[in-house]
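I opened this notebook to record what I looked up about charged side chains. My entries follow the display below.

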Amino acid sequence: MIKSEFGDRVLREDGFYNLLLNGRQIGFSLDIRLNYFRGLPLSCVKQLEVSVDGEEIPQYLILFELNGKQFSISQFPQLYAEFWGLKTPAGLKVFNYGLNAGMHDVAVKMIYQNPSAAPGTDEQIDGSASRRMTIGKGRVM
């Protein structure tokens, strides 16, 4: 497995905030970007996990938003026509009732398949990143 460079580009602090609905906190949002040298079809993303303060978020609580569409992580293997551009942030909406105000240790484990690898090889790239971030003011969904 190859570790991708530029891990500091994955987690976007300006896209880290609680989600509000009818005045109630229902979850949080986290914007992420690829740290590969080009964009990829979502079917190339083999693993996407999020943890906050050392606690892994169950995948069924995460909604992945890209290009105005929403997907569950379990749909990724079929999304060969959905392209994630290099400069396009994706939004993760996590429906866990949100986070307390202040600093949080955020980690994203992202493993993707190299689409230009030689046939028969299983070359994977580790695009994971972690950062200590301050959660922003809640925004209405």
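How exposed is Lys-69, in relative accessibility? I found that Lys-69 counts as partly exposed, at 39% relative accessibility.

Entry on the source. I noted that this is a predicted model, in which local features need pLDDT of at least 70, side-chain atom pairs count only at pLDDT 80 or more, and totals for chains, interfaces and linings use all residues. Residues are numbered from 1 along each chain as its sequence is written, and side-chain values use heavy atoms, with hydrogens and water left out.

Entry on salt bridges. I looked up the total and found four salt bridges in the structure (a side-chain nitrogen of Lys or Arg within 4 Å of a carboxyl oxygen of Asp or Glu). One of them joins Asp-14 to Arg-12, with the closest N and O atoms 3.1 Å apart.

Entry on Lys-69. I saw that its side chain meets that of Glu-82 in a salt bridge, at 2.9 Å from N to O. Lys-69 is in strand β8 and Glu-82 in the loop between β8 (69–71) and β9 (83–84), so the pair ties together parts 13 residues apart in sequence. Strands (E, at least two residues) are DSSP runs, numbered from the N terminus. Glu-82 is buried, at 14% relative accessible area.

Entry on Glu-65. I recorded a salt bridge between Glu-65 and Lys-93 at 3.7 Å, N to O. This pair links distant parts of the chain, strand β7 (residues 62–66) for Glu-65 and strand β10 (residues 90–94) for Lys-93, 28 residues apart. Glu-65 is partly exposed at 22% relative accessibility, whereas Lys-93 is buried at 10%.

Definitions and conventions:
Helices (H or I, at least four residues) and strands (E, at least two) are DSSP runs, numbered from the N terminus. Buried means under 20% relative accessible area, exposed over 50%, partly exposed in between (1.4 Å probe, protein chains only).
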